[in-house]
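Open the model in your viewer and colour it by confidence. The stops below go chain by chain.

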Amino acid sequence: MNKYTISGSPHVHSTENTQKIMYRVLLALVPALLVAIYYFGWYALRLTLVSVAACMLTEWLIQKFLIKGPLTINDGSAALTGLLLAFNVPANLPIWMAIVGSIVAIGVGKMAFGGLGKNPFNPALVGRVFMLVSFPTAMTTWPQAAPIFKAGFFTDAVTGPTPLGLLKEGGAASLDHAQFIDMVLGNRGGAFGEVCAIALLLGAIYLIARKVIDIATPLSILLTVFVFTGIFWLINPATFIAPWYHIVYGGLLLGAFFMATDMVTTPMTLQGKLLFGFGVGVITVVIRLWGAYPEGVSFAILIMNAFTPLINKAFKPKVFGVVKPAKN
Amino acid sequence: MNPIKTFPKGGVHPEENKLSANQPIQDFPMSKQIIVPLGQCLGAPADCIVNKGDRVLTGQLIGTAKGFVSANVHSPATGTVAKVDVVMDHTGYYKPAVFIDREEQDEWVEGVIQTDELLTEIKLDSKQIIDRVKDCGIVGMGGATFPTHVKLMVPEGKKAEYIIINAAECEPYLTCDFRLLLEKTQEFLMGVKILMKAVNTDKGIIGIEANKMEAIELLDKTINAHRDLYKGIEVQPLKTKYPQGGEKQLIKAVTGREVPSGKLPIETGCVVVNVASTYAIYEAVQKNKPLIERIVTVTGKSVKKPCNLRVRFGTPANLLIEAAGGLPENITDVINGGPMMGKSVSVTDFPCMKGTSGILLMTLDEAQDRRQTNCIRCGRCAKACPMGLQPFLLHKIAKQNNFDETETNHIMDCIECGSCEFTCPANIPLLDYIRYGKAKTGAIIRARNQK
């Protein structure tokens with residue numbers, strides 16, 4: 001008699017799913033990857049493939065043999081962690097280090113907390129910071145960008161300082177802003193995913209248009225960095241560089257659009273997002289201007305990740321028909 | 001035309017799928033036996049006042065309202081009571097019902113006006129109108145089936161400023177209200193006028209989603225053509241966004257007022273009535289006709305002939321499905337109502353009742369239960385919630401049976417619209433758990449209030 005399915009309403013659903021969201025983010029990072037291959041050749045490609053594969057394999061092994069739960073290797077989230085991890089390291093990093101970083105990112109950063117959706121910190125950044133602390137030399141020896149048509153696909157790149165590294169060591173005077181256009185295009189030293197501002201923005205626009213990410217967090221971060229560094233630049237342009245250089249040099253765009261927008265580890269409400277972005281911006285600038293490291297986006301995002309549960313508690317949406325009792 | 005308005009917070013936009021929008025209402029022939037459930041409204045079922053073997057006339061009272069929130073039930077046909085027994089209705093429970101063996105000829109009870117003529121003079125006063133609405137067993141026909149006369153009795157100290165007609169029909173697929181607006185425009189507008197008189201107000205607003213332009217234009221034209229008759233009635237187009245027809249969302253969209261948490265709409269000076277109920281009120285007040293039929297949309301993507309049928313209550317749904325081209329293959333879900341808030345039914349022979357706005361047939365592809373994955377805290381559910389709740393949180397704490405937390409997080413404010421679950425990319429059955437939490441929390445609150 002009972003022929004038909006009984007289920008609670010609603011009986012229709014949107015076609016969105018987690019996998020689609022993750023794949024869209026991966027797609028949005030493709031332009032940056034292509035630019036990276038153009039400037040850093042085989043090394044960038046090799047590191048990306050190794051890192052993505054290592055992350056996916058780590059997740060698979062843990063799910064298969066430790067958790068013995070469902071295998072979610074196809075949902076794209078491990079691949080995304082691998083890609084972001086690779087994007088944050090020098091292209092000439094020994095691959096075994098990238099494998100160690102991947103294992104830490106997925107194993108410690110994600111699976112130890114229960115897998116997707118349960119990790120408090122951005123797994124890719126956990127892996128990156130682990131590597132930065134464990135392999136300080138390798139992680140700060142930056143290859144210089146060299147277009148593959150001139151330098152060749154398999155050529156070892158010449159290493160050299162990043163713009164922010166120069167700034168840290170030699171002050172504002174050591175930077176040659178004449179090459180700003182090159183910097184925007186990605187023709188500079190640095191982690192290979194972060195170098196090309198144009199490619200990153202292209203991906204970011206796609207994600208915003210597809211409503212995968214909310215513009216609030218990146219906007220808040222960039223504005224905070226811009227205003228904060230701008231104030232110091234106005235006070236003393238001899239020591240501090242102009243705010244727009246701060247936006248482009250280093251990993252700010254990659255962090256703001258692709259890591260500070262990770263849904264799992266960042267606040268949900270608009271006010272929460274704005275506060276989160278403000279925090280990331282302030283910490284980044286403090287580290288860049290006065291810290292021991294030339295770049296501080298990773299640390300800033302990780303620190304603010306820790307505040308996310310508190311921010312979520314503090315900023316809840318306003319309930320319909322509920323008026324806040326007047327304070328007496 | 002007034003500028004389009006909407007409610008400010010949340011909402012989703014499911015595929016509209018108004019497949020039967022262009023199908024005129026057809027009279028559906030009655031079946032040999034009809035089964036009239038006695039509980040056709042929210043609240044207590046009616047007391048049966050007929051016995052086996054009694055001959056009943058069309059429109060004759062067969063069940064009297066029991067208690068304050070309850071509604072009368074009338075015989076939808078002329079015939080003999082075969083038995084008073086139970087029948088499985090759309091809820092899946094066996095409920096008391098009157099089985100009537102129908103005679104060919106319809107013989108109406110005395111005093112019912114049979115003509116189609118439009119009667120524009122309202123002879124009854126406010127109290128008489130409300131009594132008539134009560135006698136005729138009129139309930140909210142959008143699906144909630146709350147007795148309409150209870151809504152119209154404005155409590156002491158409150159004032160009804162607006163009659164708001166809920167013509168949003170924001171549920172995908174359903175077109176019964178839309179067709180009624182097109183085909184019974186004048187009768188419907190008279191119904192609005194009667195409602196305005198019942199609660200002593202001179203403002204009536206009809207809220208319609210902008211995807212029903214044809215109806216908006218026709219209503220505007222009719223009101224303008226008879227300006228004296230329909231004075232004070234306004235048409236308010238609304239953005240096509242679900243749940244625009246949620247009572248609280250509709251009031252907010254139309255008047256900008258917010259029904260306070262835990263309170264009734266009358267707090268904002270609004271009384272909201274559904275389109276089909278408004279038409280039924282016209283028939284009850286002007287023609288003394290009790291509520292014994294309604295328009296039912298029979299629809300679905302694989303249904304051959306989606307249609308709008310005028311159906312006497314008690315007609316089994318499977319006959320309606322036959323009329324729409326028969327049961328398509330691979331149907332896995334039969335839904336009483338729309339896809340967002342309707343109830344799924346395990347059988348197709350349940351009787352149509354006052355709240356049956358549609359019968360929706362879906363295949364596995366359309367309605368499949370998809371694999372649930374982990375919550376990625378994307379916050380889309382909170383963004384979609386028109387009540388400003390946090391469904392992901394309510395889901396979690398309801399699952400933990402933490403009913404103190406559910407209460408402080410306003411679980412009782414949930415209107416069960418399903419926007420959260422619709423939008424969830426992890427396919428989490430959010431509303432199932434929220435409903436569970438709501439039932440438990442509600443019981444705790446009621447027990448506490450009784451002390």
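pLDDT is the predictor's confidence in each residue, on a scale from 0 to 100. You need it here, as this is a predicted model.

**Stop 1: chain A.** Select the whole chain. Its mean pLDDT is 89, and 96% of its residues reach 70 or more. Now pick out helix α5 (residues 95–108) of chain A. Among the elements of chain A, α5 has the highest mean pLDDT, 96. Helix α8 (residues 148–151) of chain A has the lowest, 73.

**Stop 2: a loop in chain B.** Select N51(B). This residue sits in the loop between β3 (47–48) and β4 (55–56) of chain B. Is N51(B) buried or exposed? N51(B) counts as exposed, because it has 10 C-beta neighbours inside 10 Å; the cut-off for exposed is 12 or fewer.

Stop 3: Show the strands of the six-stranded open sheet in chain B, in the order β1-β14-β13-β17-β15-β16. The pairing is mixed. β1 (25–27) and β16 (343–345) of chain B are the edge strands; each has a single partner, so one side of each has no neighbour in the sheet. From one strand to the next, the twist averages 30 degrees.

Zoom in on β13 (residues 293–299) and β17 (residues 358–363) of chain B. They pair in the parallel sense over three bridges.

Stop 4: Select helix α3 (residues 176–183) of chain B. This helix lies across β1, β13, β14 (307–312) and β17 of chain B. Its direction is at about 125 degrees to β13(B).

Note on methods
Residues are numbered from 1 along each chain as its sequence is written. Chains are lettered from A and ligands numbered from 1 in the order in which they are written. This is a predicted model: local features need pLDDT of at least 70, side-chain atom pairs count only at pLDDT 80 or more; totals for chains, interfaces and linings use all residues. Helices (H or I, at least four residues) and strands (E, at least two) are DSSP runs, numbered from the N terminus. A residue is buried if 20 or more other C-beta atoms lie within 10 Å of its own, exposed if 12 or fewer, and partly exposed in between; C-beta atoms are placed from the backbone. Two strands pair if DSSP finds at least two bridges between them. Axes are lines fitted to C-alpha atoms, for helices over the stretch in contact, and angles run from 0 to 180 degrees between N-to-C directions. Two residues are in contact if their C-beta atoms, placed from the backbone, lie within 7 Å.
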